[in-house]
Amino acid sequence: MEQFYRRAIRNIVRHGDTDIFPFPIENHVLHDLPDRAVEILTKLDIDVPRSLAEYPPMNVGALAPVGYTGFRWAMQIDPIWNVAYLSWVLSIADQIEAARIPLERQRVFSYRYQWDEEQATCFNRQITWRTFIDHAIEKAASNSFVVSCDISEFYLRINHHRIENSIQHLPDAAYAISRIKAFLSNLSGTYSFGIPVGGPASRLIAELVLAQIDGLLLSNGVDFLRYADDYYIFSNSPDQSFKSLVTLTRLLIDNQGLQLQKAKTRIMSSAEFIASNPLVHDDEEVNVAVPLGTARQAIMSINVHYDPYSPTAAEDYEALREELDRYPIMELIRAEIKKSRVDITLARRLITICKHLQGALLEDAIKTLIENEEILYPVYFNVLMTTKDVFDRLGQETQDFILNHLRKLVDDQSRVMVVDLNLQYAIRVLSLKYHDKTRLLLATLFRSDRNGAIKRDIILTLARWRDWHWLSDLKNRFRQLTDVERRGFIIASFGLGDEGQHWRKHLRREFSPMEELARDWTQQRHDTGNWQIPL
């Protein structure tokens with residue numbers, strides 16, 4: 001299993017544990033001390049049910065916005081258990097891929113497993129959502145009707161028994177199945193359904209579960225394409241479209257206990273499907289003189305992925321910059337903000353593109369995004385992620401504007417900051433520059449009923465700012481903290497000098513293996529001198 005432990009560690013530290021939450025500080029620990037992490041994982045793996053009872057995962061749950069009034073429940077798994085979960089799934093990932101409809105049949109395009117040792121990625125990066133859309137447009141052009149639908153609450157409704165059944169049909173999965181089953185059971189408590197959203201392990205398990213439905217659709221003569229929980233079905237008559245929709249609905253209910261989202265299920269003409277697709281556009285030059293509709297379509301088709309580890313990174317980045325210069329980015333942002341509701345997919349793409357802007361254009365874009373939190377509410381955590389990434393490239397005036405605005409949102413208990421996910425990202429931005437008003441605000445927030453990840457980030461931020469009086473007082477309540485907060489405080493305690501050293505020595509027998517790892521990592525970093533806690 002060591003090979004898969006190390007793969008899991010490399011993937012997580014390089015690409016993150018989810019695409020929803022901020023990276024936890026433990027990712028730095030895993031990056032710097034992988035051998036120690038492997039030792040812990042090996043011991044946990046000997047008897048997983050006992051390890052789960054002795055060191056139960058301290059997961060962080062939060063509501064993630066879906067649209068303007070909806071939410072989905074997201075979970076950031078305890079770091080060491082997240083590595084274990086991914087390593088078990090990676091150990092059967094090749095078998096999962098082999099159990100799916102072969103890629104060359106061009107039916108299923110989501111999360112095709114292909115481990116890349118150099119990049120530490122799990123999935124074939126040549127097969128993307130855009131590949132799926134391109135094939136859908138091509139198939140629609142040769143058919144008369146398209147059914148568009150997706151599964152309702154897919155990850156939250158996947159049944160654990162059906163996961164177990166799917167894994168049991170793999171040729172060599174006995175080692176993984178018992179561990180995955182024990183972990184998911186611990187994760188969901190008294191419920192026997194639901195898997196975490198956002199990480200590669202759950203994506204692979206979800207694909208294995210739906211592989212059965214994919215095969216049954218082909219057996220029933222349904223012409224379909226799928227990406228994750230999104231289906232497109234193609235036919236040449238409304239009656240055939242409806243029959244295929246009934247077949248998919250029945251197969252999902254009978255075999256997996258899943259249902260389609262009623263509000264998102266549509267039967268449309270192929271012409272309507274093609275016309276409504278954001279990737280359909282002509283190849284004319286796009287600039288400020290061209291109607292924004294054309295620019296919107298073009299923006300959606302750009303590949304904004306940039307690999308800083310590539311041997312041609314400098315050339316690739318310059319080519320991306322030149323491509324983006326063709327588009328009226330600020331005009332598109334302002335046009336979205338003027339709407340009563342933004343196009344969420346387009347808004348996310350524009351926010352991502354802002355990372356690659358420069359100078360006054362970057363400053364104007366970030367200020368515009370930050371101050372329009374109401375209309376951008378569904379994607380505001382994306383705004384905060386981008387703001388943090390570019391903060392050091394902004395002028396002092398713009399930085400101060402951002403910090404003042406975020407402080408006001410938090411202090412006024414804006415509805416945007418009622419959502420823990422937004423608040424956590426806001427704290428990450430606020431941590432980038434000391435201000436006494438921010439320090440007092442964070443100290444007040446810590447006393448509120450917020451999740452452990454938010455409180456951990458407050459601990460680490462105040463440690464970065466050398467608020468030793470506050471940290472020394474918190475030390476007296478260490479045993480009352482959650483595991484997530486405890487690890488944060490152990491790292492922060494190195495700023496307390498001799499007081500912190502004596503405290504760690506006194507409590508050393510109470511530390512869990514992951515807490516010991518966090519302590520030893522911080523000791524190494526601290527001994528290098530002039531070290532700042534990464535956040």
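Guide: The model is predicted, and it holds 21 aromatic pairs.

Visitor: Why is the pair of Tyr232 and Phe273 called edge-to-face?

Guide: The ring centres lie 4.9 Å apart and the planes stand at 75°. Centres within 6.5 Å make a pair, and planes over 60 degrees apart count as edge-to-face; the pair is therefore edge-to-face. Tyr232 belongs to strand S7 (residues 230-235) and Phe273 to helix H13 (residues 270-275), 41 residues apart, so that distant parts of the chain are linked. Both Tyr232 and Phe273 are buried. They also belong to one aromatic cluster, together with Phe109, Tyr111, Phe123, Phe132 and Tyr227.

Visitor: What makes Lys367 a residue that lies over the face of Phe401?

Guide: Lys367 is 5.2 Å from the ring centre of Phe401, and the limit for that distance is 6 Å. The charged end of Lys455 likewise sits over the ring of Phe446, at 5.4 Å from its centre.

Visitor: How do you know that Ser202 is buried or exposed?

Guide: The relative accessible area of Ser202 is 2%. Buried means under 20%, and Ser202 is therefore buried. Ser202 is found in helix H11 (residues 200-219). Its side chain reaches the backbone oxygen of Pro196 at 2.8 Å, and a polar contact requires a distance within 3.5 Å. Beyond the neighbours within four places in sequence, Ser202 is in contact with Tyr85, Tyr155, Ile195 and Pro196.

Visitor: Why are the buried residues of H9 said to line one face of the helix?

Guide: In helix H9 (residues 160-168), the residues His160, Ile163, Glu164, Ser166 and Ile167 are buried. Viewed down the axis of H9, these buried residues fall within an arc of 165°, and so they line one face. They pack against helix H10 (174-188) and H11.

Visitor: What makes Asn159 a cap of H9?

Guide: A side-chain oxygen of Asn159 lies 2.7 Å from the backbone nitrogen of His161, at the N-terminal end of H9.

Visitor: How do you know that Leu442 is buried or exposed, and what does Leu442 touch?

Guide: With a relative accessible area of 0%, Leu442 falls under the 20% limit and is therefore buried. Leu442 has its place in helix H23 (residues 436-446). Not counting residues up to four places away in sequence, Leu442 touches Ile427, Ile458, Thr461 and Trp465. The C-alpha atoms of Leu442 and Leu462 are 8.1 Å apart in space, although 20 residues separate the two in sequence. The buried residues of H23 include Leu441, Leu442 and Phe446, and the buried residues of this helix pack against several helices, among them helix H20 (396-411) and helix H24 (452-464).

Visitor: Which residues touch the most other members of the largest nonpolar core?

Guide: They are Trp81, Tyr380, Leu406 and Met417, in a core of 181 residues. Apart from neighbours within four places in sequence, Leu406 is in contact with residues including Ile370, Tyr380, Met417 and Leu430.

Visitor: What makes the approach of Arg487 and Glu26 a polar contact?

Guide: The side chains of Arg487 and Glu26 are joined at 2.7 Å, and the criterion is a pair of N or O atoms within 3.5 Å. Arg487 lies in helix H26. Its relative accessible area is 3%, and Arg487 is therefore buried. Not counting residues up to four places away in sequence, Arg487 touches Glu26, Asp78, Pro79, Met514 and Glu515.

Conventions
Residues are numbered from 1 along each chain as its sequence is written. This is a predicted model: local features need pLDDT of at least 70, side-chain atom pairs count only at pLDDT 80 or more; totals for chains, interfaces and linings use all residues. Side-chain values use heavy atoms; hydrogens and water are left out. Helices (H or I, at least four residues) and strands (E, at least two) are DSSP runs, numbered from the N terminus. Buried means under 20% relative accessible area, exposed over 50%, partly exposed in between (1.4 Å probe, protein chains only). A polar contact is a pair of N or O atoms within 3.5 Å; within protein, one must be able to donate a hydrogen and the other to accept it, and residues adjacent in sequence count only if both atoms are side-chain atoms. Contact means heavy atoms within 4.5 Å. Rings of Phe, Tyr and Trp (its six-membered ring) pair if their centres lie within 6.5 Å; planes under 30 degrees apart count as stacked, over 60 as edge-to-face and the rest as tilted. A charge sits over a ring if NZ of Lys or CZ of Arg is within 6 Å of the ring centre and within 35 degrees of the ring normal. The arc is that of the directions from the helix axis to the C-beta atoms. A nonpolar core is a set of buried Ala, Val, Leu, Ile, Met, Phe, Trp, Tyr and Cys residues joined through side-chain atoms within 4.5 Å.
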